[in-house]
Amino acid sequence: MSKSPSDASPRRSFVAVALVAVLGVAAALGVGLLMHPELPPLLADWSLRASTLTWLHTLGLDAVRPLLIGVFFVLSVALPTAAAWIAWRSDVPATAGRWVLLSAAAIALLHLASPPRWSSDAFLFAYYGKIQSVHHANPYALPGRAFARTCALPKFPHRAATPGRPCRADSHCPAPSRCLIDPFVPYQSWLEVRAAYGPAALGLFRALYVEIAPPEANVLLLRLVMALFFLLLVALTLQFRGVRAAAVLAWLPLGAEVSANGGHLEVLIGLALIGLLTAHRSRGSMVLLGLSAGLLAALKIHLGILA
């Protein structure tokens with residue numbers, strides 16, 4: 001059957017709503033450009049942010065920066081939320097799925113373009129990977145503080161010269177290395193706490209850690225992987241629950257924020273929950289049920305108990 005001219009109108013409307021959602025996330029990027037680094041050094045060393053603040057200072061607009069931050073923050077929440085609400089309440093064309101996926105990819109890229117804004121947990125996750133792959137230690141047994149100072153070359157402070165052996169003074173290190181604070185430490189707020197994540201999570205952190213890369217690059221890699229998992233979750237939601245549910249997941253601010261920007265594991269928990277729901281609906285897929293519940297337990301043990 002040929003498509004009637006009236007079919008184009010809902011499609012155009014849906015594309016417009018998708019663009020509104022993407023613009024809202026672009027506004028969130030504006031927040032990162034303007035905000036004062038209350039979470040140093042997450043934003044302090046971002047050159048684009050420094051250039052923006054210098055430009056505002058040159059124009060004499062320092063006083064209006066808090067107002068601009070507030071406007072951008074409201075837009076970053078209100079626009080994607082409004083887009084998701086419209087998608088849920090409106091007649092959505094069945095062929096709009098590709099626009100959901102494209103907008104979700106654009107949103108993820110925008111979040112990746114900004115350093116983590118609200119949480120430094122991604123640095124903790126990468127640090128867990130370093131503790132395992134470089135120091136060959138167990139994050140369940142030792143807190144991050146155990147390797148806060150290690151022997152390394154000043155030019156490459158992220159590369160331990162004596163893996164597994166923390167230091168207290170330069171005399172403990174082979175020349176020309178020195179006893180330096182691990183570059184992950186300034187980002188940490190959980191150095192005294194042992195790992196609270198499951199073995200699957202720690203295994204993922206270890207697999208993703210690249211020894212020759214600095215902390216920022218390792219965190220970017222982790223966030224990129226979580227962003228890909230986020231897109232997979234949107235695609236599966238589109239497949240099993242339809243365009244409306246996928247649009248809500250893709251456009252509500254929380255999903256891409258915690259995965260692509262914050263590098264958190266909730267997107268993997270979402271994938272496991274989809275497995276549980278699919279197993280429940282199929283009435284007999286005990287293998288899928290067991291794998292999904294096992295993944296929840298391996299990510300965070302208390303979630304596996306609830307499953």
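Helix axes here are lines fitted to C-alpha atoms over the stretch in contact, and angles run from 0 to 180 degrees between N-to-C directions. The model is predicted.

**Helix 5 against helix 7**

Helix 5 (residues 121-133) packs on helix 7 (residues 215-241) at an angle of about 100°, and the axes are 9 Å apart. Angles of 65 to 115 degrees count as roughly perpendicular. Helix 5 and helix 7 are therefore roughly perpendicular to each other. On the helix 5 side, the contact uses Ala 122, Phe 123, Phe 125 and Ala 126. Helix 7 contributes Pro 215, Glu 216, Asn 218, Val 219 and Leu 222. By class, the contact of helix 5 with helix 7 has seven nonpolar, one polar and one charged residues.

**Aromatic pairs**

Eight aromatic pairs turn up in a search of the whole structure. One of them joins Phe 123 and Tyr 187. Their ring centres are 3.8 Å apart and the planes lie at 5°, so the pair is stacked. Phe 123 sits in helix 5, while Tyr 187 is in the loop between strand 3 (178-181) and helix 6 (199-208). The two are 64 residues apart. Phe 123 and Tyr 187 are buried.

Phe 125 pairs with Tyr 197. Here the centres are 5.2 Å apart and the planes stand at 85°, so the pair is edge-to-face. This pair also links distant parts of the chain: Phe 125 in helix 5 and Tyr 197 in the loop between strand 3 and helix 6, 72 residues apart. Phe 125 and Tyr 197 are buried. Phe 125 and Tyr 197 belong to one aromatic cluster with Tyr 128 and Phe 205.

**Salt bridges**

The count comes to three salt bridges.

| Side chains | N to O distance |
|---|---|
| Asp 182 and Lys 130 | 2.5 Å |
| Arg 145 and Glu 192 | 3.0 Å |
| Arg 178 and Asp 170 | 3.8 Å |

Asp 182 lies in the loop between strand 3 and helix 6 and Lys 130 in helix 5, so their bridge ties together parts that are 52 residues apart in sequence. Both Asp 182 and Lys 130 are buried.

Arg 145 is in the loop between helix 5 and strand 1 (149-153). Its partner Glu 192 is in the loop between strand 3 and helix 6, 47 residues apart from Arg 145. Arg 145 is partly exposed, with a relative accessible area of 42%. Glu 192 is exposed, at 54%.

Terms used
Residues numbered from 1 in each chain as written. Predicted model: local features only at pLDDT ≥ 70, side-chain atom pairs only at ≥ 80, totals over all residues. Heavy atoms only, no water. Helix = DSSP H or I, 4+ residues; strand = E, 2+ residues; numbered from the N terminus. Parallel < 35°, antiparallel > 145°, perpendicular 65-115°, else oblique. Contact = heavy atoms within 4.5 Å. Nonpolar A, V, L, I, M, F, W, Y, C, P; charged D, E, K, R; others polar. Phe/Tyr/Trp six-rings, centres within 6.5 Å; stacked < 30°, edge-to-face > 60°. Buried < 20%, exposed > 50% of the residue type's maximum accessible area, 1.4 Å probe, protein only. Salt bridge = Lys/Arg side-chain N within 4 Å of Asp/Glu carboxyl O.
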